[in-house]
Amino acid sequence: MLTDTVSATIKKHALLDGVSKVICALSGGADSVCLLYVMKRLAAKYAIEVAAAHLNHMIRGAEALEDEKFVHELCKREGVQLFCRTLDIPAIALARGEGLEECGRNERYAFFESLCAEGEVVATAHNLCDAAETVLFRLTRGTSAAGLRAIAYKRGKIIRPLLDAARSEIEEYLADNTIEYCTDSTNASEKYARNRIRLSVMPVLESVSHNAARKIVRAASLISEDDAFLTDTAKKYEQNILCNEGIADCGALLFLPRPIARRIANDALKRWGVKNISADKVDELLNLCSSRSARRMDIDGKRFARKEQNKICVQGETMTYNGREILAEGASVTGFFWTLEAKCVDKRPEKGDNNIAVFDFELILAPLIVRAAHDADFMRLANMSGRKRVKDIYSDAKVPLSKRHALPVVLCGDDIIYAPPLRQSRLYAPGEATKKFLIIEYREAGK
């Protein structure tokens with residue numbers, strides 16, 4: 001029975017451990033309606049309350065309104081609490097420059113997760129066939145082993161109890177229990193790639209091999225296990241190969257087996273904020289590392305990676321910190337690869353290095369401002385009667401040009417009091433009579 005399959009999934013993946021309430025994502029379609037009825041049937045067994053959530057995306061006009069009406073009536077009839085919201089997804093997607101599917105998914109999950117209090121989760125109706133179709137979709141688009149992972153059973157506040165159930169089992173359950181549901185007319189359209197896979201590809205695969213969907217998901221699971229091992233291995237090496245500016249040692253990277261090197265290159269691109277990383281982009285970066293002639297590669301049209309001797313540095317628009325933010329006590333400001341945090345203490349800390357700047361808290365009367373350094377900026381340093389340009393401080397410390405534009409300075413009023421991670425000003429320095437100390441700590445990612 002379907003309820004037995006779902007119970008086994010819940011137990012195996014601990015989906016309801018510590019859970020008191022399950023909110024079922026209810027579109028009105030077959031899968032989601034089935035999910036609601038199954039979770040209601042299992043509610044007593046797991047001592048949970050079952051509710052539902054519906055989002056009208058304003059994409060399908062009158063049909064979407066009919067779905068919303070159906071969901072309201074269903075929940076009223078079954079005595080289920082319903083959370084309902086309407087969002088103009090086409091307008092939101094247009095404003096953000098996103099596709100309808102991506103925007104709808106993001107807003108849907110944001111809505112679902114906003115409903116969850118402590119001990120509450122949202123259950124979505126993804127099933128075994130959805131998981132297999134996702135694997136095929138990613139495979140045809142070109143992906144790495146990580147991209148072939150099937151849909152997760154649990155992610156944060158989202159659980160998927162139907163993932164081990166085939167679509168045929170869900171349809172059989174609905175038919176046997178005479179349960180009505182809505183049919184989304186767009187599901188029959190082969191305009192969408194996922195629909196073409198479901199309507200045309202999967203039936204052929206099932207004719208070639210019985211339970212093809214289950215076998216596809218099983219293969220994806222095995223690939224996922226192998227990928228997890230290789231990824232963990234790559235992490236052990238990359239801490240000595242990657243740095244905040246890019247890749248610290250191209251030679252060490254290229255010495256590693258290609259599967260490990262590819263994962264480290266992929267992580268480098270992630271650190272640089274690259275989205276939708278393709279296998280071709282990873283190969284291009286590795287080719288840059290090994291090349292003696294090519295000196296740079298485009299990253300995303302705004303930034304580029306440049307080879308400097310045995311290193312790769314990132315330069316371009318996004319590597320320039322253009323923020324102007326207030327650094328308040330007990331708060332932090334984050335840049336491209338760094339974080340500044342301010343806190344007040346009663347005891348003078350031991351100053352080990354320039355990653356920590358210490359000031360007299362009571363002398364700091366103006367708000368602390370974090371911004372990028374300008375060419376004309378200067379600081380009044382300890383053991384120096386005059387002042388020194390921040391640009392020269394960077395130069396003396398041999399800070400690479402590719403990094404300077406990403407570093408911040410901290411101001412109190414018009415005075416620059418800290419140029420992390422190098423020097424702090426002599427202004428506002430603590431003395432013997434200081435009772436409260438302001439600490440500004442500079443941290444870089446991965447350190």
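Asp-283 counts as partly exposed at 24% relative accessibility, where buried means under 20% relative accessible area, exposed over 50% and partly exposed in between (1.4 Å probe, protein chains only). Its salt-bridge partner is Arg-262, with the closest N and O atoms 2.4 Å apart; a salt bridge is a side-chain nitrogen of Lys or Arg within 4 Å of a carboxyl oxygen of Asp or Glu. The model is predicted: local features need pLDDT of at least 70 and side-chain atom pairs count only at pLDDT 80 or more, while totals for chains, interfaces and linings use all residues. Residues are numbered from 1 along each chain as its sequence is written, and side-chain values use heavy atoms, with hydrogens and water left out.

**Salt bridges**

- The structure holds 21 salt bridges.
- Side chains of opposite charge can pair when their charged atoms come close.
- Arg-262 pairs with Asp-283. Arg-262 lies in helix H11 (residues 258–271) and Asp-283 in helix H12 (residues 279–290), so the bridge ties together parts that are 21 residues apart in sequence. Helices (H or I, at least four residues) and strands (E, at least two) are DSSP runs, numbered from the N terminus.
- Arg-262 is partly exposed, with a relative accessible area of 25%.
- Salt bridges that share partners join Arg-60, Glu-63, Asp-67 and Asp-184 into one network.
- Arg-167 and Asp-130 form a salt bridge in which the closest N and O atoms are 2.9 Å apart. This pair links distant parts of the chain, with Arg-167 in helix H7 (residues 167–176) and Asp-130 in helix H6 (residues 128–141), 37 residues apart.
- Arg-167 is buried at a relative accessible area of 18%, and Asp-130 is buried at 18%.
- Lys-235 and Glu-238 meet through their side chains in a salt bridge of 3.7 Å, N to O. Both belong to helix H9 (residues 212–238), and because they are three residues apart there, about one helical turn separates them.
- Lys-235 is partly exposed at 40% relative accessibility, whereas Glu-238 is buried at 6%.

**Antiparallel sheet**

- Four strands form an open sheet in the order S13-S14-S22-S15, with antiparallel pairing. Two strands pair if DSSP finds at least two bridges between them.
- Strand S13 (332–334) and strand S15 (356–360) stand at the edges with a single partner strand each, so one side of each has no neighbour in the sheet.
- From one strand to the next, the twist averages 15 degrees; axes are lines fitted to C-alpha atoms, for helices over the stretch in contact, and angles run from 0 to 180 degrees between N-to-C directions.
- Three bridges pair S13 with strand S14 (residues 338–345) in the antiparallel sense. Ser-332 stands opposite Glu-341 in S14.

- S4 runs parallel to strand S1 (residues 21–25), joined by four bridges. Val-22 stands opposite Val-121 in S4.
- S4 also runs parallel to strand S6 (residues 158–159), joined by two bridges. The bridge partner of Val-122 in S6 is Ile-158.

**Second largest pocket**

- The second largest pocket holds about 470 Å³ of space. On a 1 Å grid over the protein atoms alone, a pocket is an open set of points where a 1.4 Å probe fits, with protein on both sides within 12 Å along at least five of seven lines, and lining residues have an atom within 4 Å of a point. Grid points are joined across faces, edges and corners, and a volume is the space filled by probe spheres set on the points.
- The lining has 18 residues, and those closest to the pocket centre are His-13, Tyr-153, Asp-164, Val-217 and Ser-221.
- H6 and H9 each supply at least two lining residues. H9 gives the largest share, seven residues.
- By class, the lining has nine nonpolar, three polar and six charged residues. Ala, Val, Leu, Ile, Met, Phe, Trp, Tyr, Cys and Pro count as nonpolar, Asp, Glu, Lys and Arg as charged, and the others, Gly among them, as polar.

**Asp-88**

- Asp-88 sits in the loop between strand S3 (81–86) and helix H4 (89–96), and is partly exposed with a relative accessible area of 33%.
- Asp-88 and Gly-104 are 16 residues apart in sequence and 9.4 Å apart in space, C-alpha to C-alpha.
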